[in-house]
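Please look over the sequence and the model shown here before reading on. The report that follows takes up a few residues and then turns to the overall fold and its surface.

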Amino acid sequence: MAKTMPKFKGKLVMGANGRTNPLVWLVAIICTVIAVAVVVVGIVVFIGYMVIHPRVPVISVTNARLDLLRNDYAGLLQTQLTIVVTAKNGNAKAHATFSDITFNISFQGQDIAVLVADPFEVPKNSSKDLSYVVQSSSIPLSPDQMELVGDAWKKNEIEFDFKGAARTQWRVGPLGSLKFLCHLDCDLKFRPLNGTYIPSRCTSKSH
């Protein structure tokens, strides 16, 4: 037996003269205006992004030197390092601010020094170098760490851990101010016999 489909009982809101209620037209017009405004804002933001082409500022270790490495039979290590950290702003249309800058350098879990810097601004499409001279006091080493230092002399290669972070902020036209946290986590390698730095990629990642 065929089933009868239920009839639609809804009614369009009509006025007394059979025309659509003006309130319905008003709501429709408002929704249309909002939709058009959203599309226009989206287009403006997209064009602004393509024109400005914002780039996240970064921090990198660009140069370093092992000025001193000395260890004795008592298991004490003395070292001095020169480290150059570069803050780069690749934006062509906006200055960038770097703040909360802190770095830590260590050897096999033994902290050597904490490096800091006051907030500063980097002009558009420019960079600023932070030069640190790190001189440690005598660092007591465990037997395993002493063995690692001995191997480093034999292989003519020694490694230090370099970690840190900085906050960056810059204005991107109509998009407003953007903020990121830059993290550094690198291994700095040197030739103990002459103190030269073995270049490697050491650039921040942003979050």
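## Cysteines and the disulfide

Cysteine 182 counts as buried, at 0% relative accessibility, where buried means under 20% relative accessible area, exposed over 50% and partly exposed in between, with a 1.4 Å probe and protein chains only. This is a predicted model, in which local features need pLDDT of at least 70 and side-chain atom pairs count only at pLDDT 80 or more, while totals for chains, interfaces and linings use all residues. Residues are numbered from 1 along each chain as its sequence is written, and side-chain values use heavy atoms, with hydrogens and water left out.

A disulfide is taken as a pair of cysteine sulfur atoms within 2.5 Å, and by this rule the count comes to one. The bond joins cysteine 186 to cysteine 202, with an S to S distance of 2.0 Å, and the link is right-handed, with 95° about the S-S bond. Because cysteine 186 lies in strand 9 (residues 177-190) and cysteine 202 in the loop between strand 10 and strand 11, the pair ties together parts that are 16 residues apart in sequence. Strands (E, at least two residues) and helices (H or I, at least four) are DSSP runs, numbered from the N terminus.

| Cysteine | Relative accessible area | Class |
|---|---|---|
| Cysteine 31 | 48% | partly exposed |
| Cysteine 182 | 0% | buried |
| Cysteine 186 | 6% | buried |
| Cysteine 202 | 2% | buried |

Serine 204 is placed in the loop between strand 10 (197-198) and strand 11 (205-206), and is buried, with a relative accessible area of 9%. Leaving aside neighbours within four places in sequence, serine 204 is in contact (heavy atoms within 4.5 Å) with Val58, Ile59, Cys182, His183 and Leu184.

## Positive phi values

Most residues other than glycine have a negative phi. Aspartate 100, although not a glycine, has a positive phi of about 50°; this residue lies in strand 3 (residues 96-107) and counts as exposed, at 51% relative accessibility. Asparagine 125 also has a positive phi of about 50° without being a glycine, but is found in the loop between strand 5 (120-122) and strand 6 (126-135), where asparagine 125 is exposed, with a relative accessible area of 58%.

## Fold and surface

The secondary structure comes to two helices and 11 strands, and from the N terminus on the elements run α-β-β-β-β-β-β-β-α-β-β-β-β. Of the 207 residues of the protein, 32% count as buried. Among contacts between residues at least 6 apart in sequence, 66% join residues at least 24 apart. The accessible surface comes to about 13500 Å², of which 58% belongs to carbon and sulfur atoms.

## The largest pocket

The largest pocket has a volume of about 200 Å³, and its lining consists of Phe107, Gln108, Leu148, Asp151, Ala152, Lys155, Glu157, Ile158 and Glu159. Helix 2 (143-155) and strand 8 (158-171) each supply at least two residues of this lining, and the largest share, four residues, comes from helix 2. A pocket is here an open set of points on a 1 Å grid over the protein atoms alone, with protein on both sides within 12 Å along at least five of seven lines, and lining residues have an atom within 4 Å of a point.

How values were computed. Accessible areas come from the Shrake-Rupley method with a 1.4 Å probe; for residues, only the protein chains shown count as cover. On a 1 Å grid over the protein atoms alone, a cavity is a set of points where a 1.4 Å probe fits but cannot get out, and a pocket is an open set with protein on both sides within 12 Å along at least five of seven lines; lining residues have an atom within 4 Å of a point. Grid points are joined across faces, edges and corners, and a volume is the space filled by probe spheres set on the points.
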